Amino acid sequence: MLKRVCLHFYMLIIVLAYWNVEAAVYNPHTFTLKNGLQVVVIENHRAPVVTQMVWYKVGTIDDPHGKSGLAHYLEHLMFKGSLASPAGRMLTEVNRVGGEQNAATSPDFTVYYQVVPKNKLELIMSLEAGRMAQLEIEEQYAKPELDVILEERHMRVDNSPTGVFFETVLANFFKHHPARLPAIGWEHEIKTFTTQDAQKFYNTWYTPNNAILLIAGDVTVEEVKALAKKYYEVIPAKAKPRPLNIQEPKMKPLRQRLEMSSPLIQEPYFLRLFNAPNFKEGSRKDFYALQVLSELLDKPVTGRIYRELVENQRIATFIQISYQGYTRSPGYLLILAQPAQGHTIEEVETALNKEIEKIIQHGLNVSEVEKSKTRLLAHLDYTRDHVLSGSNEIGKALVVGETIEEFESWPDRIKAVTQEQVNATFKLIFDSKSNFTAILWPQK
Amino acid sequence: MRLFFSLIITLLSSFSFAHAELKIQEVVSTHGVRAWLVEDHTTPVIAMNFSFEIGAAQDPEDKKGLAALASQMLTEGAGKFSSHDFAQKLQEIASFISFDVTLSHFQGSLKTTQVNAKEAFQLLKITLTEPLFSSHEFTKVVNAHATSLANSEKKPSTIALFQLRKQIFGTTHPYARLTEGSLETIKKITPNDLKNFMKNLSRNTLKIGVCGNITAQELKQILDEILSSLPKESSLPQIPPVQFPQQEKVTTIKLAQPQSIGFFAQQAIPFKDPNNLKLAIANEALGHGSVSRLMNEVREKRGYAYHVGTNINQEPLISLLIGSVGSQNTRIMKSLSLIKEEWKRIRDHGLTKEEFEDAKSHILGAYTLNFMSSPQIAELLLLYQEFEAPITYMQNREQLLNAITLTQVNQFAKDFFTPEKLQIVIVGNPEEGEIHAQ
């Protein structure tokens, strides 16, 4: 639900919305070009299709102060230009060969991708390399795009029942870190963007040594190597950009509550956020235990908290628990629920608190933990069945600093999670004196 | 609501067999039910999609939402499995069973792996033949359904699409419904109604698509096993025919939003119509996808919208060319005027040679992208059967497309596009104005 990613054309929800549990072993090959561009290849010969993704290690959290949404504006401008420029050609040429393409800006990264019939790989590699090498942003294309972005904002945020709510929640949950900014930007700041702002941002951040090129599908490593050398290795590297690396302050224990209302909903929503370590913070064990944990708490029907609130007590119609950990931004865990008709937010909250307290006191049992691990691992069959799913999972991990080796060892790391670790991590997150509760009421 | 659009997905693209050797076999069960199968032993996965020809349009007027509730209740316990045990069993074997409803179809899907296939298909069988429909689970499902319906009814896009349907089909026609029913009618549905509903899921309207690690012989055995207990035939109420309005109509529903959304539609042709691929080409140029005249005029040149586009929606009773746009209140009338103008222009002047070539090339290339996973392939195999396409259709499609000329498409466009009959709905707070086409 908490989608902080702005997609370029449609609401293609296949990518990037948030971390999910489908990481897997894909046997990727990797090499680095002389200009510092890391290349990753995942061969999958199920269908004559190939995808190219370029992940730039820059996102909303790197937007200049007072220019929230600039990374996203630039993402749009990467498709704009004269018909002689790669940026101006990308849309039409990929469309002509029947390709699918899109781009997305998240707090942590910006990604561009195309999916095409395999014999068109060279075309998309030459175009993508072209706009990595050079982008001349021209006023005539850049200006109307500001209006497009404002319309995108209206659609995603203002016209969406929960859009304004989630935006407000994040702006209040994070105290200092720029993860508090909406990926699309605040409206009054979007209106101040200039062509020069976007050009400067591009010049600073878009360089081969700040990106990852990922090619997946019906292709061999050798083919990719040859094309990558031809089109990408010739791009000169710029100075490696340095992210500010802003940290959230350690706050005194704080329980916060935010209430809003919307005319666009009929029944209220209950949301609670907890601070949680991301994969770089604290113990790595927590990171993997959290994956097992979120799987075993909210799994429909059988998950511990789901079962209690939705099935047994029937106080809520659904409950979702999700952990955001593959991030440069601070990690967090969120619980979202909606009361069943005839029940109140207070009942949901009380029952949730009670269930959490019960787990803190008595722990989760070993069979729950083991079943959850088995389920997580079983999904590998399905992710491998899809020609492209591996590329998305691996890209999301690498772009925030994960290594391929660790990514590939995911099944072993999940297998190694113990009941004790899961219970310790549960306590770490839920026994904390700090949490953030937000309620969205229907506006009568 | 999304189901109204669910048939749009992949039909506008084509596929070259020269590049992907996708061999479709027809498997016929002992009871005469036909399934299309793509065997693939390089993956452990098996995916099956199937549908019966009964949908929300056949729900009784006072019990709208019946098919939707049945679809949700089928996985809430069956045979000896309670709701909880059923879910647990599926999770243990890492398999998925789900059901969904459109206006015209009751659809099911199963996703499993070869090692768990036997158990998974057994579970599927009991959902269809021995569903529990316990009143305890029913209360839970109805309440959740009501909450989701209540929220959905307030969404600007739902409001717009619902109004458009009423405008096109008339307020009482079954095609004007939400597949989910209404808050009032779902309260009148009982578990007993669900039991009666199941009699409609009969073999004579069943269509099946399968892809993955399973042989034709294995599939036949499974079908024989699952289908033996289903009714042979069922009798369903006839849906009254639809007459698309002959006059343009614009309806505005006031909602205090910074952005107005506009929906617009005209009548289209059925999938089986020999001109179907010409429509696909013309629609590609007009409004489908990320490169089109509408995208160019409304978004790229003027920045009036983030999203604008058209799709073809082919239901058994009527087909529509339907589109939507979102623009700020001061610009929505201008956006809709531009759209109407393009509608006229494509009728009067047709496509350019370049547009025609690009559209054809796009449709051919894009087809390959439909074959990226077993569930995706199974879904496509089902979709073509729902449209009663011959099993050779996918092989012949490239040839059919290549045979189409620009002159033919432009002749088709001249007869097809009817800007003077566009049905338009605006939801938002639009500035006063009219929709003008130059």
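Predicted model: local features only at pLDDT ≥ 70, side-chain atom pairs only at ≥ 80, totals over all residues.
Beyond its neighbours within four places in sequence, Ala198(A) is in contact with Leu70(A), Tyr73(A), Leu74(A), Leu77(A), Ile137(A), Ala142(A) and Phe193(A). Ala198(A) also belongs to the largest nonpolar core, a set of 259 residues, where it is listed with Trp55(A), Val292(A) and Leu309(A) as having the most contacts inside the core. Helix H9 of chain A, residues 284-298, supplies the largest share of this core, with eight residues.

Turning to chain B, the fold comprises 15 helices and eleven strands. Its radius of gyration is 23 Å, close to the 22 Å that the globule rule gives for 438 residues, so chain B is as compact as a globular protein of that length. The C-alpha trace of chain B spans about 65 × 55 × 35 Å along its principal axes, and 51% of the 438 residues are buried. Of the contacts in chain B with a separation of 6 or more, 83% join residues 24 or more positions apart.

Chain B also holds an open sheet of five strands with mixed pairing, in the order S7-S11-S8-S10-S9. Its edges are strands S7 (249-254) and S9 (308-314), each of which pairs on one side only. From one strand to the next, the twist averages 15 degrees. Seven bridges link S9(B) to S10(B) (residues 319-328) in the antiparallel sense, and Asn311(B) has Ile322(B) in S10(B) as its bridge partner.

Helices from both chains lie across strands of chain B. Helix H4 of chain A (residues 139-158) lies across S8(B) and S10(B), at about 100 degrees to S10(B). Helix H11 of chain B (residues 332-349) lies across S8, S10 and S11 of chain B, running at about 25 degrees to S8(B).

Notes
Residues numbered from 1 in each chain as written. Chains lettered and ligands numbered in written order. Helix = DSSP H or I, 4+ residues; strand = E, 2+ residues; numbered from the N terminus. Rg over C-alpha atoms; globule rule 2.2 N^0.38 Å. Buried ≥ 20, exposed ≤ 12 C-beta atoms within 10 Å, placed from the backbone. Contact = placed C-beta atoms within 7 Å. Core = buried A, V, L, I, M, F, W, Y, C linked by C-beta atoms within 7 Å. Pairing = 2+ DSSP bridges. Axes fitted to C-alpha atoms, helices over the stretch in contact; angles between N-to-C directions.
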